[in-house]
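Visitor: I'd like to go through this one briefly. Can you take me through it as I ask?
Guide: Go ahead; the structure comes up next.

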Amino acid sequence: MSIRKYFKNRESYIFLMTIILWVSISTTNLNFANPRYLLELIGVNSVYFICALGVLPLMIKGHFDLSIGGMIAFTSVLLSAIGSWFFLPAPLVILIGAIIGLLVGMLNGALISKFKVSSVVVTLATMYIFYGVSKYIYNTFTEHFRIIGEYKIQDYNGIIENMSVLIMALLTYLILKHTNFGRSVYAFGGDRKLAIQKGYHESVSIIKAHGYCGLSAGVSAALHLITFNQNSVDAYLNIEFELIIIVILGGLHILGGYGTVFGTLIASFFITILKSGLVFARIPVFWHDMMIGAIIILVIAYGVFKERYKKRNIKVGET
Amino acid sequence: MLNTYEKKLLGFLVGIIILGTALFGSEFLSMKTLLIMANQLPEYGLISIALMITLIVAGMNLSIVSMTTLAGIIGALTMHYFEGLGSFSVVIGIIVMLSVGALTGAINGAVVSFLEVSPIVTTLGTMMLFKGVALNITQGGAIRSFHPFFTYIGNGKILGMPFPLFVFIVVAIIVGWILSSSDFGKQLYRIGKNKEAAIYSGINVKKVIFMAYILAGIVAGITAMVMTARYNSIRVDYGEAYLLNGLVIVSLGGIDINGGKGTMKGMLIAVTIISVMLRILNLAYMDSHLMSAIMGVILLVNIFIQHYSNQRMKRKIEKEI
């Protein structure tokens, strides 16, 4: 593949920027270049990776989910409640978390497809409900919670987080590329009317996409419990906005119809190393938000100018 | 006067008031309730107005709270800088707040209208950017204690009612007039409903969208003024919950997230519903977390009611035909 062709991909820029960032931080602090450290970094931030992969099908459809943080809080409260009664090994925790998340996410999807309202409004309402209920349960029954992470099998030692990210990435790739649901996601993102005419069932597609998003939230709640031995009621308060940033940096078209697993993974990695890299490079914490904001705007503006340039070229070619 | 949706919403409000009276009697129907509501209402209301303007043109403004805090912080710093000028420094501070609001709004508007970037992405980026700038200026601390003339804006009283309420009413009337009666307002609705059609009917769409974001920015500046004056201090994380509460109020008020729908009257009724509801839950000694869960339930219930009454209306029309 020629270099020029490579740069036509939407993901190529974020890939390039990630490498530049990684090299430049590594030069200031050599510890950063250690691959073991990078794997650990992915393990600690696995929630971001997994949730970003979970919202990807949803955002390709042009939907949003503001209730992810709420779903994580809800699942983690339920999981630690269950963990206070039964002994649970780590894989089982992830499985139960996934099931709870899936059900909660499908509830979102069912409400959206039944009442035909914008996904923003419904998930806003459910966000309030999930957060409120889980914080209430947590505060009133605090003494009943034994922390589930105590039962973690020590031998896993971070591998389970990395494995989950890998499995989730493969699963998302397979779903998007090789299932009917995946094709319907791209179809609805591109043109809703056309997709309906093609015979895709809209409400089924919506429920599945929101269910998948809930599943990722459930899995990440379980992983947070396993990694940090701690309940994550407050830990992911504004994760929804961060996820939107990640997925867009990964090349997603905000109006729907385009987005890849590879781009999302790279973008999550970019945000992860940006966050910890700024600390490594000894940049004061007051600069972090500003830099992330500036990078997003730059990336977006660049995309816009590129598209205009393309349009102008086409016009010149035609006349 | 009121359209069908607003009538339903008003019915909802009356229902909630009757519920409150039935549960708490004279404790609920008292001057104290009115005063608590009057204190609570203006900030929520102002943020919701700013959100509403951008939502009507099929936009979105996630950066509204960051704009507010940034305007408040820069205005507060200027007030401290010109402290020697006495009450005149307050005037300068307020002008600075409004113009910072307008400037940040203009940045959003320019990116959304001239670069044609999706508003959600743009304002998400500027949300982080403005917050970062504000954090960088203050280094995370609070800016405190202003001229008494300024704190009067937040805590003073006219006819026994708090001053911010009057600010809110004036802003609501002006913006309401702009939306319902001026050419600019009508153009906003047209663009929100169908952008293509608006372009072909000769509206300067880019300019109008740009102006809408600036207007929202100015309202954010006014919110900054009220907020800073009420707490007599300003910090980056003030008002962080207002964005989502504002979205709840706006969508309860019948403003369509996809643009082109919604009126000031509906928004005003929605703000009143939310603050009456909060007062009732307060009287019931409800846990604050459950209170926020109930906010979500209200929004869902409203969606149910709307859906079924719309269906019934459709059936009626079909029968008549």
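**Helix contacts and salt bridges**

Guide: B:Thr104 has a relative accessibility of 3% and therefore counts as buried. Note that this is a predicted model.

Visitor: Where is B:Thr104 found?
Guide: B:Thr104 is in helix H4 of chain B.

Visitor: And which residues does B:Thr104 touch, leaving out those up to four places away in sequence?
Guide: B:Met67, B:Leu70 and B:Phe130.

Visitor: At what angle do the axes of H3 and H4 of chain B cross?
Guide: At roughly 150 degrees. The axes of H3(B), residues 64-81, and H4(B), residues 87-113, come within 8 Å.

Visitor: Left-handed or right-handed, when H3(B) passes H4(B)?
Guide: The crossing is right-handed.

Visitor: Which residues make the contact?
Guide: From H3(B), the list includes B:Met67, B:Leu70, B:Gly72 and B:Gly75. From H4(B), it includes B:Gly93, B:Val100, B:Gly101, B:Thr104 and B:Gly105.

Visitor: How many are nonpolar, polar and charged in the contact of H3(B) with H4(B)?
Guide: There are 10 nonpolar residues, nine polar ones and no charged ones.

Visitor: Changing topic. How many salt bridges are there over all chains?
Guide: Four. One of them pairs A:Arg192 with A:Glu202, with 2.7 Å between the closest N and O atoms.

Visitor: Why does that pair tie together parts that are 10 residues apart in sequence?
Guide: Because A:Arg192 lies in helix H10 (residues 192-198) of chain A, while A:Glu202 lies in helix H11 (residues 202-228) of chain A.

Visitor: What does A:Lys275 form a salt bridge with?
Guide: With A:Glu242, the closest N and O atoms being 2.3 Å apart. This pair links distant parts of the chain, with A:Glu242 in helix H12 (residues 239-249) and A:Lys275 in helix H13 (residues 261-280), 33 residues apart.

Visitor: What is the relative accessibility of A:Lys275?
Guide: It is 32%, so A:Lys275 counts as partly exposed.

Visitor: Back to chain B. Which side chain meets B:Asp237 in a salt bridge?
Guide: That of B:Arg235, at 2.9 Å from N to O. B:Asp237 is partly exposed at 35% relative accessibility, and B:Arg235 is partly exposed with a relative accessible area of 31%.

Technical notes: Residues numbered from 1 in each chain as written. Chains lettered and ligands numbered in written order. Predicted model: local features only at pLDDT ≥ 70, side-chain atom pairs only at ≥ 80, totals over all residues. Heavy atoms only, no water. Axes fitted to C-alpha atoms, helices over the stretch in contact; angles between N-to-C directions. Helix = DSSP H or I, 4+ residues; strand = E, 2+ residues; numbered from the N terminus. Left-handed = near helix turned anticlockwise from the far one by under 90°. Contact = heavy atoms within 4.5 Å. Nonpolar A, V, L, I, M, F, W, Y, C, P; charged D, E, K, R; others polar. Buried < 20%, exposed > 50% of the residue type's maximum accessible area, 1.4 Å probe, protein only.
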